[in-house]
Amino acid sequence: MTNNAVDTILTAEPTKKRRKIASLDRRKARAGWFFVLPFILGFALIYVPMFFDSVVMSFQSMESATDGSTGYKMIFIGMENYRNALLVDPNFVPTLISGLKQLAFDIPAILIFSLFMAVMLNQKMAGRGFFRAIFFLPVILSTGIMESIAAADTLNTAMSSGIDDGSGTNTTNQIVSSMDLERLFSSMKVGTEIVEYVTSAINNIYDIVNRSGVQMLIFLAALQSISPAIYESCKIDGATAWETFWKITFPMISPMILVNGIYTIIDSFTTESNQVMTYISGVYSRTGGMVVSSAMSWIYFLLVILIVAVIGAVFSAFVFYGRKND
Amino acid sequence: MNAQADKQPVVKRESKNRIRVEFDRTPLKDRLKAKFLNSYFVTRLIIWIFRLVLMVGISYIVLYPFFTKIAGSFMSPEDLVDVTVRLIPKNFTLDIYKAIVSELGYWKAFGNTFALSFTCAILQTFVCCLIGYGFAKFKFKGRNLLFMLVMLTMIIPHQTLQLSMYMEFRYFDILGIVRLLKGGGIQIFGLNIKDLGPGVAAFFEKINILPDVIPITKKGIEVTSSGINLLNTYLPLILLSLGGLAFKNGLYVFLLRQFFRGMPDELEESAYMDGCGPFHTFLRIILPNSIPMLITVFLFAFCWQWTDDYYTGLFFSSMNTSLLVKIVAVPPSLSTSYAGTELYNTAIRNTCGIMIIFPLVILYAFCQNFLVQGIEHSGIAN
């Protein structure tokens, strides 16, 4: 009898203790839910209906209502919009293909450039703050309306190419013209594809600089968080700067290369230079808000997400994660 | 070598507790040679020059469009067709600025844009902080799934949702509440309960308790049984900001989450010990300790909202609300027709652009230190 009582007490005590800990955990969990509550509410009440509507709309056709009460009427037409986008519209598929090509071109260019600039800006040198301030200027200023103003900026090209001054010699304002580079590369006997890639990257340098601001910031932050002790020990062991970069810096920031790659893809959706999006919004405004554009943007989005998933899967195999908790 | 080694420094005693050491210094020429004529120094110098040229070159690329815009804004129509004028105007004039301020209603648009951007940026910063902090410091079921959803909202471009986003706020109605209160009955999967019978319909007609117009703006917001028309008000953007769904909020949540993760847990634990609740701790301990990061996010949110033309174009379709991004036009008094009209109109548009971003440049000049600092301390690679 007494033994039994002791037993129950012994078994009861740990459970009581465990429950206490669990309740603290639960309290923290509840606090966590409280903190993310704005997102949950916004997501459930605004985003999900919007998302759902957009998907449903891509299967529907819209007609202005005759009774005038609701303003518009949706008719379910199945895959008609998708068929229209892919098979009927003669320009969509070529635009899509060239847009994806452009994306494939942009991502490496932006990633390499922003990584290079981040490494540069991370070194100690005179005027670093000044250069940083200039390089991050486009992040803040060259968005939205400024981008569309810049796209229509004929003055810029007029000023830089020099209005025909009649003397025949075109006074170019470019520092490096891509012709020089082509000459340089042709003497180096490398593949023509690389030459083409580099020269077109040089020609697009303004666009690339403009679009790599956030990526530069993220890389810079990643570089800053590498412990200087690692570099010091490398130096003591006699590693050159080149070796240090490839053996230390590159692996340490490889997760951020993945993040930046994905960010670049997402960001490219919203830039003015994205032909596919321009085409889709052109269709949207031309047809007075027709839902074909909805279907088109879903096709484009799904394709890009597929690419992101493939890149992410391939890349994450090579990514080095220093800390593997949570 | 020997000769130098032989020359011992001479030590003289000058006074009681002072000595003077005299030794032959290596000649200046030799010292300079040793310092500057080695491969280490030459490499350093070459790298330094290379870096400087590169930096200056890229700065030039970044700044050049701004230079041309500023130069063009001071030019008179004649200067633009004059081939001898490049960057420095011959007939310096402020006509374009004056016309924009007086004819396009710059200050009114400025005030509206400031109110909109400031409200949205403050809300977004605060809400994203809450969300990022929740993800960073609390473990709860479904946390990773929720974070994936946050990323999803960032990954799906809002352009894809354009049409449905417009509809959502044109006929704004959460869970059909407005419809119910306006006597529209309840609709379940397309089936309207009102259609069940005349009695039911009459019952719902009586519910009609919402006014037709809610006086939030000067003109009021129109309320019908199919929803509230929120277009041409600040409310769509404010609602999106409140839900952490506005432009690039996923990025802010990501940055803030990384930042808060890098903060030591002891900070909160000590606050909990002293009897502070989680929310109180957040307000009193966490926020004051993350000012640079907050300013960074605020700067992003403010500037991106300021120059945004996608959402404002979508939600502010009528011309009643004047915003800065909508003043980009040619003022009536400046519309001319001559050989350089195209160029002149471009110059005017560019001037509008300058006047739009000028406040941002000032803001940036004050905040750019925080921009790098905030991101630097986010410990983003962990």
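In which loop of chain B does B:Lys248 lie? B:Lys248 is found in the loop between H11 and helix H12 (249-261) of chain B. The structure is a predicted model, in which local features need pLDDT of at least 70 and side-chain atom pairs count only at pLDDT 80 or more, whereas totals for chains, interfaces and linings use all residues. Residues are numbered from 1 along each chain as its sequence is written, and chains are lettered from A and ligands numbered from 1 in the order in which they are written. Helices (H or I, at least four residues) and strands (E, at least two) are DSSP runs, numbered from the N terminus.

B:Lys248 has a positive phi of about 60° although it is not a glycine. With 21 C-beta neighbours inside 10 Å, B:Lys248 counts as buried; a residue is buried if 20 or more other C-beta atoms, placed from the backbone, lie within 10 Å of its own, exposed if 12 or fewer, and partly exposed in between. A positive phi, of about 65°, is also found at B:Asn232, again not a glycine. B:Asn232 belongs to the loop between strand E7 (227-228) and H11 of chain B, and is partly exposed, with 17 other C-beta atoms within 10 Å. A further loop residue, B:Ala339, is placed between helix H16 (310-315) and H17 of chain B. B:Ala339 is exposed, with 10 other C-beta atoms within 10 Å. Its C-alpha atom is separated by 34 Å from that of B:Gly57, 282 residues apart along the chain.

Strands E1 and E2 of chain B form a hairpin. Strand E1 (residues 10-15) and E2(B) pair in the antiparallel sense over 5 bridges, where pairing requires that DSSP finds at least two bridges between two strands. The hairpin joins E1(B) to E2(B) through 2 residues. B:Ser15 has B:Arg18 in E2(B) as its bridge partner, and B:Arg13 stands opposite B:Ile19 in E2(B). E1(B) is hardly covered, with a count of 0 buried residues among its 6 residues. Strand E2 (residues 18-22) of chain B is hardly covered as well, the count of buried residues among its 5 residues being 0.

Within chain B, the axes of helix H6 (residues 106-137) and helix H15 (residues 291-307) come within 8 Å and cross at roughly 140°. This angle makes H6(B) oblique to H15(B). Axes are lines fitted to C-alpha atoms, for helices over the stretch in contact, and angles run from 0 to 180 degrees between N-to-C directions. Angles under 35 degrees count as roughly parallel, over 145 as roughly antiparallel, 65 to 115 as roughly perpendicular and the rest as oblique. Residues of H6(B), among them B:Thr113, B:Leu116, B:Phe118 and B:Cys128, meet residues of H15(B) that include B:Leu294, B:Phe298, B:Phe302 and B:Trp306. The residues of this contact of H6(B) with H15(B) divide into 12 nonpolar, 5 polar and no charged. In this classification, Ala, Val, Leu, Ile, Met, Phe, Trp, Tyr, Cys and Pro count as nonpolar, Asp, Glu, Lys and Arg as charged, and the others, Gly among them, as polar.

Between the chains, 79 residues of chain B are in contact with 78 residues of chain A, contact being defined by C-beta atoms, placed from the backbone, that lie within 7 Å. The elements that give two or more residues to the side of chain B that touches chain A include helix H3 (39-73), helix H7 (143-155), helix H8 (162-170) and helix H17 (341-376). H17(B) provides the largest share of that side, 16 residues. By class, the side of chain B that touches chain A has 48 nonpolar, 21 polar and 10 charged residues.

Chain A holds 15 helices and 2 strands. Of its 326 residues, 28% are buried. Among the contacts in chain A with a separation of 6 or more, 67% are accounted for by residues 24 or more positions apart. One residue of this chain, A:Ala201, lies in helix H9 (residues 192-203) and counts as buried, with 20 C-beta neighbours inside 10 Å. Leaving aside its neighbours within four places in sequence, A:Ala201 is in contact with A:Ala109 and A:Ile208. The C-alpha atoms of A:Ala201 and A:Asp106 are separated by 8.5 Å, and the two residues are 95 residues apart along the chain.

Definitions and conventions:
Two residues are in contact if their C-beta atoms, placed from the backbone, lie within 7 Å.
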